[in-house]
Amino acid sequence: MSTLSRRQVLIFFAGSAGAAVLGDKILNNVTSIADAKIPQLSFSPVRLPHPVSIYQQQKSFLPTGIGQGQILNASTDVKLTSYNVIDDVVVPPEYERYVIVSWGDRVFPNSDDYFGYNCDYTGFVPIGRTEDIGYLWVNHEYVSYPFSDLLIGSSSDLQGFPTAFESVIGWALPSTRNLEAEGEFLYNQGGSIIRVSRRNPEKRFTVVRGDAQNRRIHGLSGLAINSQRDDEYKNITSWGDRSHQKGDQNYLIGTGPAATQVFNLSADGLGNKIIGTAYNCSGGTTPWGTILSAEENFQGSVQEAVKPDGTQTSYIDGSAGKIFGLVGEKYGWIVEIDPVNPNFRPRKHTWLGRFRHENVALRVEAGKPLVAYMGDDKRGGHTWKFVSASIVSQPSSKSNSNLWESGTLYVARYNPPNNQKGVKKGTGKWIPLLLVTPTNPIPPSMISSVEFDALGTAQREGLLPLPKRNGIAGQTGDGGIFKCDRTNEATALPDYQNKKLSDFYATQGAVLSDAFLAANLAGGTPTARPEDIEVHPTTKEVFIAYTDGAPGSDGYPDSRIFQVAKLSTDVNATQQSGGLYKIVEDSTDGTGLTFHWERFAQGGEAGSIDGDGFANVDNLVFDNKGNVWGVTDMSTDTHNGFNVGATGTPNTIDHSAVGNVSNLTGVFGNNWLFYIPTSGTHAGKVVPFAHGAVRCEMTGPTFVGDTLILSVQHPGEDCPINDGTILSRKIEMLNLNGTLFEQTRTVPRGSSWPSNISTKDGGKNQPQGLPRPSVIAISPKKSNGSFV
């Protein structure tokens with residue numbers, strides 16, 4: 001079990017200057033915190049199925065129904081032998097939650113346009129000097145069942161169950177995956193811009209419907225430019241007869257090296273014109289009022305693999321890319337949008353690299369270069385930094401958008417920690433991704449050494465993907481991936497060492513178009529899926545949410561830095577469920593080439609060694625007092641110990657297993673929102689604040705004054721719409737002392753959220769209504785101007 005001392009907590013949050021955050025005040029002496037008068041928690045933590053230590057010290061709120069619950073007193077024994085999961089976004093009784101907007105809402109000037117699916121990142125840009133009114137940007141990441149039965153994957157037993165599209169949108173999709181269906185799938189991705197206001201008697205955020213600025217930027221924006229092509233896609237300029245399905249001229253453009261050195265070679269013949277943005281996960285909001293939206297899992301719809309010149313190796317048969325002629329090299333970038341100015345053409349900034357972008361976090365200081373940190377959300381993905389060539393004039397100046405057009409992209413190289421037991425910290429350096437950069441891949445035997453030494457084997461043989469090149473390591477083709485691992489590194493790796501990136505890529509643009517493989521080649525550290533990175537508003541430390549240490553077909557995280565597996569049959573052995581890390585730059589302005597790193601919190605049950613009581617931490621956000629807030633991203637097919645589909649098959653949960661034991665996340669219930677105070681009695685403790693609806697993920701947290709805006713993504717994903725069927729099972733769990741106990745867990749098979757909540761809060765009072773991805777607001781019932 002993790003037992004961080006108060007001093008460890010304060011030092012972690014103190015930063016290199018040795019200051020600790022206390023409210024809005026900085027105390028230069030850590031020990032003076034003990035003399036400060038800090039109140040207890042102002043809310044009752046939500047009671048989750050699993051034990052966490054805060055329940056021993058604070059009363060907690062156990063939900064018993066929609067909008068109902070009971071207060072449990074603090075107790076030394078916090079294990080619950082039974083737990084009934086509620087299909088709602090449950091918040092403390094001192095707070096309220098309500099829906100702002102949902103999938104399918106007609107809130108745009110064109111009545112055919114509608115709010116997209118699977119909302120993710122949210123960004124708020126105020127109008128004027130108050131935060132009562134402004135434009136809300138919402139990412140739409142992907143589509144999934146029950147959106148349509150055309151999306152059924154491995155869960156074939158869902159065939160024949162009701163779906164949601166026709167009932168929500170008002171017309172039916174085709175019965176097969178044709179042009180119209182694939183087009184509608186892409187239309188439901190991208191993002192939405194809506195004007196919201198709380199200038200009403202209830203002081204709740206509502207959509208200003210039909211506002212002239214409300215608009216969609218989606219996966220097929222600009223499709224009409226296909227008419228400029230000379231190939232077979234010349235006539236693919238729409239995907240149906242409805243007005244929103246007609247191609248328009250709202251194409252995007254690129255900036256930086258790939259825009260001039262790669263896109264001019266693209267098979268679409270469109271040069272620097274780009275059709276749409278899709279696969280939009282997290283992002284960032286700039287001080288100058290624009291949104292940075294991150295294109296993430298594009299690899300199934302368009303081609304990820306590129307040739308040495310940076311262009312795609314081919315279209316993928318049966319993919320949306322092949323249907324509409326979307327060339328892969330134009331997707332997987334950071335996209336800048338101006339919600340306030342519809343004349344600002346959205347642009348993809350190629351100096352920020354092409355990979356599975358999860359987010360972007362900024363340091364914007366007058367007179368300094370612009371610095372951005374990013375994560376690559378794939379197994380073995382990297383941690384990145386961009387530094388602009390020019391400096392920021394004023395942080396609020398729109399001219400700062402030009403700074404993305406020239407600079408340097410760096411990948412992090414973590415040096416292994418020292419040998420102190422239980423300590424995870426060390427030094428590191430930033431490696432520039434330039435043509436002159438030497439190639440020095442970290443050997444698979446090295447990155448997999450901890451697991452191999454413990455178990456005598458390593459998952460995926462320590463896979464390190466490298467670019468495939470003719471004549472290198474016995475290969476006969478150019479483009480795509482060569483799988484270097486423990487079995488072939490002795491003969492293959494020497495061909496990749498002691499060269500330069502220019503030996504593998506034709507131009508700087510090509511390097512950036514293949515950034516993930518180029519980073520492996522340059523010696524960047526493969527990491528544990530960095531799902532969010534945020535810069536602390538005061539200390540400027542870089543907080544990183546690594547969501548999952550398990551290796552996969554994309555790569556293998558460095559086991560010397562990250563927990564990649566459960567390495568012992570001991571039931572309380574450390575689990576692999578990601579962790580919260582931070583980087584402290586050695587340079588004061590963040591532009592230097594060296595840093596220190598440290599792990600603060602390890603994922604896993606609170607009763608496991610080093611476990612801090614959460615799994616798969618995802619998006620992070622700081623409130624105005626510098627406290628950390630985070631959401632979890634546990635895989636839908638492990639929630640509450642049940643796989644997806646209609647059958648409700650229980651997953652095996654065995655604490656004595658070793659290796660990749662991802663099913664242990666089933667003990668945590670639904671995905672949830674937590675709070676880590678950085679000061680006061682409970683500093684450093686994980687405090688559960690809310691849990692999500694059945695099978696959902698809560699994403700994109702954004703603070704606007706005393707309100708937290710939050711996306712609720714894919715409620716009821718890959719399961720039947722809630723028809724009243726209740727699943728029940730016994731789950732083996734860890735108590736806080738590391739011993740096992742058994743809990744009886746009941747949970748609805750699917751979701752009806754938010755249809756099942758009150759009309760006052762944005763629902764329909766329909767216990768078995770349709771689930772709809774939505775954006776909600778959470779605010780205190782009695783506000784003092786701050787969220788907590």
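1. In H10, the buried residues are Ala515, Phe516, Leu517, Ala518, Ala519, Asn520, Leu521 and Ala522. Buried means under 20% relative accessible area, exposed means over 50%, and partly exposed lies in between (1.4 Å probe, protein chains only). Eight of the eight residues of H10 (residues 515–522) are buried, so the helix is largely enclosed by the rest of the structure. Just after H10, glycine 523 has a positive phi of about 100°.

2. On the model itself. This is a predicted model: local features need pLDDT of at least 70, side-chain atom pairs count only at pLDDT 80 or more, and totals for chains, interfaces and linings use all residues. Residues are numbered from 1 along each chain as its sequence is written, and side-chain values use heavy atoms, with hydrogens and water left out.

3. Overall build. The protein has ten helices and 37 strands. These are DSSP runs, numbered from the N terminus: helices are H or I with at least four residues, strands are E with at least two. The radius of gyration is 25 Å, close to the 28 Å that the globule rule gives for 788 residues, so the protein is as compact as a globular protein of that length. That radius is taken over C-alpha atoms, and the rule is 2.2 Å times the number of residues to the power 0.38. Along the principal axes, the C-alpha atoms fill a box of roughly 70 × 60 × 55 Å.

4. Of the 788 residues, 64% count as buried. Among contacts (heavy atoms within 4.5 Å) with a separation of 6 or more, 66% are between residues 24 or more positions apart. The accessible surface comes to about 26,200 Å², and carbon and sulfur atoms hold 47% of it.

5. Charge. The protein carries 68 positive and 78 negative side chains, and the centres of the two sets lie 4 Å apart. Lys and Arg count as positive, Asp and Glu as negative; His and the chain ends are not counted. There are 28 salt bridges, each a side-chain nitrogen of Lys or Arg within 4 Å of a carboxyl oxygen of Asp or Glu.

6. Aspartate 706 pairs with arginine 198, with the closest N and O atoms 3.1 Å apart. The pair links distant parts of the chain, 508 residues apart. Aspartate 706 sits in the loop between strands S33 (697–704) and S34 (707–713), arginine 198 in the loop between S9 (190–197) and S10 (206–207). Both residues are buried.

7. Two further salt bridges. Aspartate 231 bonds to arginine 229 in a salt bridge at 2.9 Å between the closest N and O atoms. Aspartate 231 is partly exposed at 23%, whereas arginine 229 is buried at 1% relative accessibility. Lysine 322 meets aspartate 317 at 2.6 Å, N to O. Here lysine 322 is partly exposed at 34%, and aspartate 317 is exposed at 63%. Salt bridges that share partners also join Asp88, Glu96, Arg97, Arg204, Lys760 and Asp761 into one network.

8. Arginine 695. This residue lies in the loop between strand S32 (687–691) and S33. Arginine 695 is buried, with a relative accessible area of 4%. Not counting residues up to four places away in sequence, its contacts include Asp637, His639, Phe642, His714, Glu717, Cys719 and Arg749. Threonine 636 is 59 residues away in sequence, yet 5.6 Å away in space, C-alpha to C-alpha.

Conventions:
Accessible areas come from the Shrake-Rupley method with a 1.4 Å probe; for residues, only the protein chains shown count as cover. The place of a charge is taken as NZ of Lys, CZ of Arg, CG of Asp or CD of Glu.
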